[in-house]
Amino acid sequence: YTENDGMGLTVLKNFKTFTAKKAAADQIFEDLTPTILNKHLSSLMDGLSAKVFRTYNASKTLQDELAKTEQLESWSSLSETQKVDEYNAANRVVAILCNHQKSVSAAGQASLDASSEKVEKLREQKKVSGGAESEGGNEEGFDEDI
């Protein structure tokens, strides 16, 4: 890490120290397990766990992001669709915070591309056949292997 990114200078300095001799794929805290973390968190507050903290952090972030939008002068004039768009934008911020993907993966994109190609081939076949039955095709005029 080379950016503070809101974590504070002390945290950034410590983070750089922890990662100085580690490869990019190495765990930073390799001896820290969920059990050890949850035991420590519950010693700070009864019932506190990593899951509870993560849920609280996500809820608080969503609340803060929505509050920013609602404070804009233009909020009252937004359509319902625009308000949903604002909610989705705030939810993307939360997803990034929680390390959830909000974009299509490479494998997902490859699958979409392959499907799009098949649809395009089917459209071309339909144009060529005029949408009628053709020899070697099924009742829609498409080849069975596509």
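Okay, ground rules. Numbering runs from 1 along each chain as its sequence is written. Since the model is predicted, local features need pLDDT of at least 70 and side-chain atom pairs pLDDT 80 or more, while totals for chains, interfaces and linings use all residues, and side-chain values use heavy atoms, with hydrogens and water left out.

So, the largest pocket: its volume is about 960 Å³. A pocket here is an open set of points on a 1 Å grid over the protein atoms alone, where a 1.4 Å probe fits, with protein on both sides within 12 Å along at least five of seven lines; lining residues have an atom within 4 Å of a point. The volume is the space filled by probe spheres on those points, joined across faces, edges and corners. There are 20 lining residues, and Phe29, Leu37, Phe53, Arg54 and Leu97 sit closest to the centre. By type, the lining splits into 14 nonpolar, 4 polar and 2 charged. (Nonpolar is Ala, Val, Leu, Ile, Met, Phe, Trp, Tyr, Cys and Pro; charged is Asp, Glu, Lys and Arg; the others, Gly among them, are polar.)

Now, how many salt bridges does the structure hold? We get 3, counting a side-chain nitrogen of Lys or Arg within 4 Å of a carboxyl oxygen of Asp or Glu. Lys22 pairs with Glu30, closest N and O atoms 2.6 Å apart. Lys60 pairs with Asp64 at 2.9 Å, and Glu65 meets Lys68 at 3.0 Å, N to O.
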